[in-house]
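Take a moment with the chain shown here before reading on. The paragraphs below go from its core to a pair of helices, and then to some positions taken from a record.

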Amino acid sequence: MPSTMMLLGVLFGLLTQACTLPVKNSTGVHDGKVRSKRKYSDEMLDRDEMNTMDQILEVNRRLRGPRGLTFREGDIASSFARSAITCPGNACMWQKSVDGFVYVPFMLSPLYDDMDRITIETGMQDIASGTCIKFVPRTHQADFLDIQPRYGCWSFLGQTGGSQVLSLQTPGCMWSGVASHELMHALGFVHEQSRSDRDQFVSIVWRNIMPDQIHNFRKHVTNNLNSPYDYNSVMHYGRYAFSEDGGPTIIPRPDPYVPIGQRDGPSNLDLHKINVLYNCGVTN
Ligand SMILES: [Zn+2]
């Protein structure tokens with residue numbers, strides 16, 4: 001469970017500001033009015049759990065790209081030689097086998113302990129159980145995920161070819177939902193609020209975003225797979241992602257109180273989108 005201080009760290013960016021937090025006013029929380037940033041801050045203080053993306057951004061706060069890597073949107077790795085967002089001709093998808101399954105080979109670092117391995121494999125199983133994706137220990141395959149406890153929780157977008165690192169730091173990234181999130185990046189998915197049609201479903205509160213993090217809220221030209229916008233996606237930023245002063249940066253519309261993001265793992269729509277992208281209902 002995240003400590004209260006960790007939660008406050010996400011809320012306000014700097015732990016040193018935590019002492020200035022207003023005392024929660026229980027009489028003001030349920031008045032049903034949408035009127036100010038304070039309202040949302042109170043709502044956040046009522047929560048005792050962070051969602052998957054909140055946790056990732058907390059762990060990655062000081063993430064800097066090592067050796068020729070940059071990071072977009074907090075946790076998508078990109079080498080300078082390769083565009084991180086577009087996959088022309090679906091070149092970044094994993095190959096489908098003749099038996100209808102998509103086998104994604106992986107290696108797990110020996111630095112992980114048994115509990116870490118169970119957590120990561122649960123994240124894999126949560127995807128595999130609802131789709132035609134199968135994560136399999138690498139034997140001889142040339143293209144595979146090299147899962148390591150480097151600094152931070154991050155992945156490349158889609159298949160890069162050859163060995164590709166997917167970092168799940170321990171213990172910070174040891175939630176099965178975080179593993180599923182990074183694995184979905186490796187399958188080719190961007191963050192839900194980056195969708196080309198997101199402005200119909202969320203308002204981005206630009207003035208509340210840390211100025212040097214505004215680039216993380218760009219929209220992308222995305223294939224939305226004829227799927228509805230999914231506030232419950234494990235790929236959705238939290239309401240306070242990259243907030244400068246504790247105010248919300250993403251507000252659902254038209255209903256601002258719809259919960260966004262979660263920590264359990266892929267949503268039903270996440271699984272549906274994997275099935276559509278990889279033609280899971282169709283065998284070759
Ligand atoms: Zn991500």
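A nonpolar core is a set of buried Ala, Val, Leu, Ile, Met, Phe, Trp, Tyr and Cys residues joined through C-beta atoms within 7 Å, where buried means that 20 or more other C-beta atoms, placed from the backbone, lie within 10 Å of a residue's own. This is a predicted model, in which local features need pLDDT of at least 70, side-chain atom pairs count only at pLDDT 80 or more, and totals for chains, interfaces and linings use all residues. Residues are numbered from 1 along each chain as its sequence is written.

The largest nonpolar core holds 52 residues, and Ile133 and Leu168 have the most contacts inside it. Helix 6 (residues 176-187) contributes the most to this core, with six residues; helices here are DSSP runs of H or I with at least four residues, numbered from the N terminus.

Helix 6 also meets helix 4 (residues 52-59), their axes, lines fitted to C-alpha atoms over the stretch in contact, coming within 9 Å and crossing at roughly 85 degrees. Helix 4 is therefore roughly perpendicular to helix 6, a term for angles of 65 to 115 degrees. Thr52, Gln55 and Ile56 of helix 4 make the contact with Gly177, Val178 and His181 of helix 6, contact meaning C-beta atoms within 7 Å.

An unreviewed UniProt entry lists His181, His185 and His191 under "binding site", although such annotations may be inferred rather than shown by experiment. Histidine 181 lies in helix 6 and counts as buried because it has 32 C-beta neighbours inside 10 Å. Histidine 191, in the loop between helix 6 and strand 8 (202-204), is buried too, with 26 other C-beta atoms within 10 Å.

Definitions and conventions: Buried ≥ 20, exposed ≤ 12 C-beta atoms within 10 Å, placed from the backbone. Helix = DSSP H or I, 4+ residues; strand = E, 2+ residues; numbered from the N terminus. Axes fitted to C-alpha atoms, helices over the stretch in contact; angles between N-to-C directions. Parallel < 35°, antiparallel > 145°, perpendicular 65-115°, else oblique. Contact = placed C-beta atoms within 7 Å.
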